[in-house]
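User: I would like to learn how to read sheets and surface patches in a model. Please take me through them.

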Amino acid sequence: MVTTAVRRPTSVPRSRVRVRRVVRGARTTPGRWLLIGVLLAVVTVLVGAVAFTSVRDRADAADRVATTGEPASVRTQELYRALAQANADAAASLLAGGVETNAVRDDYERSLDTAQLTLMSVSSAEQTGRTGELLAELFVGIPRYREDVARAKTEVRKGSSLGATYLMVASRQMEQELLPAAVELHDIASARLRADHDEAASVPWAAIAVGAVAMAGLVAAQVALARRTKRVFNPGLLVATLSVAVLAGWTASGLGSAHDALTRSRDDGWEPVDAVADARFSLLQARAAEGQILVQNGSESTRYIQALGGYFADLTRDDETGRLARAAERSEGDPVTAPRIAEARAAVDAWTEAHREVMEKYEAADFAAAVTMVIRPDGASQAAFGRAEEALAAAITEDQADFEDAIGDARAATDGVAVGGIVLTVVAAAGVVDGVRRRVGEYR
Amino acid sequence: MLRILAGAARLDGMRLRGTIRNAPPTPARSRLLARIAALVAGALLLAACTGDPDAHAPALPSPPARSAVVPVETPSAATVQPDCGNPELSLKPPASVPAPSAWPADSTMRRIRDRGWLIAGIDQSSYPFGYRDPVDNRLKGFDIDLIREVARAIFGDSPSDPVDNHIKFRVLTNKDREPAVKDHVVDIVAMTMTVDCARREKVDFSDVYYVAGQRVLIQKDPDLPPRVREGLPGLSGYRVCAVNGSRSFGPILDPRYGVVPVAGQTWADCLVKLQKREVEAVSTDDNILAGLRALDPNYTEIVGAPVSREPYAMAIAHEHGDFVRFVNAVLAELRRDNTWKTLYQTYIGPTLDDPDPQPPAVTAWRDAS
């Protein structure tokens with residue numbers, strides 16, 4: 001660099017002088033090399049920064065999937081399952097007459113307690129916006145539901161037909177307010193889970209682009225150096241190139257295995273769980289409708305007969321809209337859950353058969369026999385429903401275990417990549433600085 | 001940046017020529033190192049910066065709106081009634097109920113008696129006119145017993161051959177009543193059926209055996225002012241329930257009264273709303289209110305003058321005019337020997353609190369007076 005003093009006219013600002021210096025400097029070879037050096041250093045640091053944030057963002061998203069996204073999805077599913085179960089149990093209690101069996105009453109109490117506890121846990125995570133509204137509705141609505149069911153049981157005990165009406169009112173509140181609110185909560189949680197998953201598994205285009213630019217720049221600089229000087233290798237730039245390469249490789253492999261594990265966590269984990277939970281939900285709704293047909297025992301039964309037809313159709317249709325068919329399709333490769341779904345389908349078929357018999361008895365005014373089939377543990381209808389429900393519950397547990405495995409792998413895959421990346425970046429930047437100043441230093 | 005590298009180059013250039021001995025770090029060099037360190041540290045800090053803004057504690061949520069309201073379906077425009085004069089006029093009966101020996105050979109009664117049973121359309125969920133007693137599973141009610149009286153007049157009744165053996169009851173829905181009679185699926189229908197000209201075009205009716213009126217059921221509620229005892233006229237501003245699509249909505253929607261209409265799915269649903277204080281009153285025909293009152297006898301009462309006139313009669317096919325006259329003779333007999341009053345007091349009296357019920361007077365017929 002030529003160190004001639006520059007006589008500044010007093011009116012020219014300093015920054016302009018600096019720019020002129022750089023421009024003048026760039027016309028000389030050492031100046032040019034300095035500029036290139038600066039650019040390469042900047043790009044190297046940029047690669048490091050972008051790689052770091054890419055990995056850190058995806059790791060955070062994977063953490064969110066594991067610690068809040070999937071658990072929220074599971075809990076909201078539990079919530080609507082418990083409410084639907086309580087609805088079915090309430091009808092069964094009334095069918096039992098004035099005094100219900102312990103099993104039926106315990107089932108009902110347990111379902112509602114589970115619903116309220118999952119509600120508590122869901123609300124501890126978030127209480128604002130639409131979620132807050134839905135939670136408020138459920139918190140206030142569930143006690144009202146309990147009150148109406150209790151009144152229904154009292155009326156039945158007095159021998160009054162008003163009991164069936166109170167159950168219809170409670171059931172209407174459940175079906176039109178509480179269950180839709182719970183399903184919407186689940187939809188919100190599900191959407192968030194999907195968004196987090198997509199973020200965690202996304203391709204880091206920015207890092208790839210910057211990395212490619214950095215590599216290209218470093219290699220080009222070394223080639224140019226090799227051509228112009230007698231030295232083939234510039235150790236600084238070489239070290240920098242290797243560091244960037246290692247950084248790229250390590251980040252790619254870490255994110256790659258994380259991506260695979262995440263895909264597994266979705267395909268074997270929460271996606272099948274969603275489908276199976278949907279089927280289980282329809283199953284419980286059908287059970288509640290069957291109970292109501294008998295409880296209402298009159299003109300109100302028509303509505304529930306139609307509803308039950310709808311639920312059975314939803315479950316057993318063979319195409320994509322059939323809930324059991326969809327569950328089967330999502331569980332296709334899984335050796336443990338696929339047979340469970342098949343078991344559930346067979347049980348539902350048996351249930352539709354048993355239900356036909358229940359309706360025959362009901363229409364022939366053999367009410368007691370119809371009730372026995374529906375609420376006694378050895379009754380054909382109750383037994384078939386029980387088998388289907390157990391099979392689906394087992395499938396869900398299995399899939400959730402698969403999720404835990406896969407998401408653990410995904411989180412472990414990016415361990416240490418972020419920190420390692422910083423170290424490599426520093427090394428690479430130092431290499432660039434060293435390599436360039438060596439070159440520039442030769443111009444003395 | 002340029003200066004840093006330039007500075008570094010200058011210093012090292014000088015070292016290469018060996019003009020610098022082991023000198024302590026010059027201010028320029030330490031400044032340079034400090035700058036590099038600062039640059040890297042700054043870059044890292046920037047990358048590591050996360051930091052969500054602190055969330056404020058959420059405000060207490062407001063309670064959600066009240067539970068689902070069944071939307072009020074205004075009843076479809078009432079069927080335009082053709083003009084048939086006075087629809088309550090039936091065919092004149094003979095002076096007394098004719099004995100079987102007096103029946104003509106081709107009469108409807110002879111055919112029914114030869115067949116062995118009377119087929120009657122009834123309701124089994126309409127307390128107190130037609131219902132199934134859950135204790136002994138028997139059909140009971142004002143309408144049911146009227147059918148039994150008609151059957152008794154045809155078949156007789158003895159302990160060895162009770163009249164119920166000669167009746168086949170068919171449970172019908174409201175909209176099936178006229179077709180069942182017209183198509184001879186049943187011989188007679190007694191289901192709190194109001195006579196009007198539109199129906200008279202399809203079926204014939206016996207004499208009117210009961211006149212219902214739309215009244216109001218309220219709770220014995222200390223918060224309600226005395227004016228509510230006037231019925232619909234005194235309920236302005238209050239919520240009144242009726243079943244969706246029923247004729248009872250007509251008066252309820254009348255702007256003169258200024259009540260707030262609320263729809264229920266069934267009459268029992270309306271009673272539940274009353275008990276839960278979602279409405280202040282239920283309004284429909286007093287016989288249906290009587291049935292509701294029986295479900296909550298101590299704390300409800302039926303108030304208000306009737307705001308409509310609902311004359312009930314039994315429906316019989318047009319072709320069976322002789323049967324119409326026969327049934328009218330049976331009804332005349334029931335009025336004369338106070339059986340009507342007994343039936344009233346058995347089924348309707350306890351809930352309507354009418355101290356001196358009178359059967360509707362029948363003094364005119366369309367083919368004579």
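User: What is the order of the three strands in the open sheet of chain B?

Analyst: This is a predicted model, where local features need pLDDT of at least 70, side-chain atom pairs count only at pLDDT 80 or more, and totals for chains, interfaces and linings use all residues. Residues are numbered from 1 along each chain as written, chains are lettered from A and ligands numbered from 1 in written order, and side-chain values use heavy atoms, without hydrogens and water. Strands of a sheet pair through backbone hydrogen bonds, either parallel or antiparallel. Here the order is S2-S3-S4 (chain B), with antiparallel pairing. Strands are DSSP runs of E, at least two residues, and helices are runs of H or I, at least four, numbered from the N terminus. Pairing takes at least two DSSP bridges.

User: Which strands are the edge strands?

Analyst: S2 (125–126) and S4 (139–140) of chain B; each pairs on one side only. Two bridges join S3 (residues 130–132) of chain B to S4(B). Tyr131(B) stands opposite Lys140(B) in S4(B).

User: Which residues make the nonpolar surface patch?

Analyst: Nonpolar side chains (Val, Leu, Ile, Met, Phe, Trp, Tyr) are joined within 5 Å, like charges within 9 Å. Areas are Shrake-Rupley values with a 1.4 Å probe, and for residues only the protein chains shown count as cover. Val232(A), Phe233(A), Leu238(A) and Leu242(A) make a patch of about 400 Å². Leu242(A) is in helix H7 (residues 235–296) of chain A.

User: Is Leu242(A) buried or exposed?

Analyst: Buried means under 20% relative accessible area, exposed over 50%, partly exposed in between. Leu242(A) is exposed, at 54%.

How values were computed. Patch = residues over 30% accessible without salt bridge, like charges linked within 9 Å, V, L, I, M, F, W, Y side chains within 5 Å. Salt bridge = Lys/Arg side-chain N within 4 Å of Asp/Glu carboxyl O. Buried < 20%, exposed > 50% of the residue type's maximum accessible area, 1.4 Å probe, protein only.
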